[in-house]
Amino acid sequence: MRTRVLFCDLLNLPRGKYVPSDMAAGGKIGFARGVFGTTFDRDLIPVPGAGVFDGLPDMELVLDETRHAGWQHDTEIALGTLHADGAPFGLCARGRLQATIKAWAARGLSPKVGLELEAYVFQQDGDGVWIPYDTPGAFVYGTGPQNDPAGLMDAIWTVAEAAGLPIESMNGEYDNGQFELTLRFDDALAACDNAFLFKTMAREVAADMDLLLTFLPKPIPERGGSGLHVNFSFEDAQGVNVIAPDGQLSDVAKGCMAGLIHHHEGLAGLLAMTVNSYDRLGPASMAGYWANWADDHRLVTTRSSVASPRSARLEHRMADCATNPYLAVTAVLQAALLGVEGGLEPGAAEDLDGLENVRATRHVPSALDKALEALDADKPLRVAVGEQLCDALIFLKQDEWKRLKDKSVDEVRNYYLPFV
């Protein structure tokens with residue numbers, strides 16, 4: 001038996017090591033923190049906190065006691081939280097999520113999260129070039145071989161079930177070769193752990209079948225985008241869902257929505273963090289473009305659902321799966337908490353169609369560099385999420401923007417495609 005120890009970095013890559021299981025039993029595995037200073041193309045840049053000019057010192061992944069079933073032969077998986085210099089490492093998004101959960105717990109509330117992931121499948125042509133999955137009979141909400149002739153979704157379901165990863169549903173999405181992969185609601189940390197492992201597993205299962213499953217926000221310009229919808233609610237000490245306990249949005253729910261709307265532009269720098277993300281985010285789309293909310297309306301950014309007090313939730317629709325899931329949920333929950341703590345009001349619900357008519361006037365920045373500027377200017381959000389993490393992310397992604405700003409759509413896609 002071996003143990004695969006994993007953590008998710010700021011590029012949303014599953015970094016890790018294989019180690020003998022008796023070594024993992026010691027509870028700590030060392031890494032060079034300089035890995036946070038490496039780009040997709042392996043250049044080492046001086047990201048703040050990565051120790052690039054300090055000799056690339058160590059950090060430790062402090063492992064959870066619980067082990068996860070793996071999907072490789074005779075291999076278990078261990079997750080953990082990064083520490084450096086004897087304290088939680090500020091660039092560890094999982095650690096920031098744990099701090100966020102504690103902040104909500106101080107208010108007597110436990111965040112519950114459900115993540116909806118969207119992805120496209122690619123196959124290779126005769127020259128080894130990745131091209132869109134050939135599914136001429138696919139349709140929205142499709143299942144079966146017309147939507148997935150190679151049986152990739154069947155294979156992912158089987159492996160997920162064996163690995164204990166809790167799928168709620170899987171189906172064909174809006175476009176050919178696009179799929180929605182929804183995981184069950186759980187405690188916030190468990191939900192993000194499941195999403196991180198599920199994404200890693202799904203891409204590896206696809207690779208075993210000579211297919212490429214990509215969570216890139218807009219891999220095919222003429223088709224729809226792929227998002228990461230962050231659904232969340234809160235339970236009080238009695239286990240009651242406080243979003244709409246009497247069928248109407250609670251003050252907590254209104255404060256959450258207000259915080260998300262207030263920090264809309266800055267959130268883009270945390271939730272849409274690739275150059276390609278801004279090909280997805282635009283008006284008249286089912287993405288989180290406008291700073292608005294409404295109940296049961298898929299053309300707004302924050303969608304409430306209050307039909308059932310027990311399952312009432314809020315859904316934030318801006319993020320995409322190129323984002324570290326721990327960071328995405330941290331950002332959403334911290335912006336929501338800022339709204340609650342500040343006594344903010346969300347304003348009137350969007351009452352127009354969102355396609356041809358909209359009342360909202362504020363929207364996401366036009367490109368990654370503008371989103372990073374908005375995040376840098378949003379001091380309360382940066383402090384809430386973690387200034388060290390935000391400073392590192394801004395530096396890392398500004399470098400990425402400079403590398404790609406003059407590239408074609410195809411060049412940008414090909415830069416990200418092997419990793420996202």
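Before the first stop, you need one term: a salt bridge is a side-chain nitrogen of Lys or Arg within 4 Å of a carboxyl oxygen of Asp or Glu. Keep in mind that this is a predicted model, where local features need pLDDT of at least 70 and side-chain atom pairs count only at pLDDT 80 or more, while totals for chains, interfaces and linings use all residues. Residues are numbered from 1 along each chain as its sequence is written, and side-chain values use heavy atoms, with hydrogens and water left out.

Select Arg 4 and Glu 204. Their side chains meet in a salt bridge, 2.7 Å from N to O. Arg 4 sits in strand E1 (residues 2-8) and Glu 204 in helix H4 (residues 188-208), so the pair links parts of the chain that are 200 residues apart. Those labels are DSSP runs numbered from the N terminus: helices (H or I) have at least four residues, strands (E) at least two. Now, are these two buried or exposed? Buried means under 20% relative accessible area, exposed over 50%, and partly exposed in between (1.4 Å probe, protein chains only). Arg 4 is buried at 9%, whereas Glu 204 is partly exposed at 24%.

**Stop two: more bridges.** Pick Asp 9 and Arg 15 next; their closest N and O atoms are 2.8 Å apart in a salt bridge. Asp 9 is buried, at 2% relative accessibility. Then try Lys 28 and Glu 60, a salt bridge with closest N and O atoms 3.9 Å apart. It joins strand E3 (residues 28-32) to strand E4 (residues 58-63), and the two residues are 32 apart in the chain. Both are partly exposed: Lys 28 at 48% and Glu 60 at 34%. Next, select Asp 376, Lys 379, Arg 382, Glu 387 and Asp 391, which salt bridges with shared partners join into one network. How many salt bridges are there in the whole structure? A search finds 23.

**Stop three: two helices.** Show helix H3 (residues 152-163) together with H4. Their axes come within 10 Å and cross at roughly 130°. The axes are lines fitted to C-alpha atoms, for helices over the stretch in contact, and angles run from 0 to 180 degrees between N-to-C directions. H3 is therefore oblique to H4, since angles under 35 degrees count as roughly parallel, over 145 as roughly antiparallel, 65 to 115 as roughly perpendicular and the rest as oblique.

**Last stop: a loop.** Finish with Tyr 174, in the loop between strand E10 (167-172) and strand E11 (178-183). Tyr 174 is exposed, at 55% relative accessible area.
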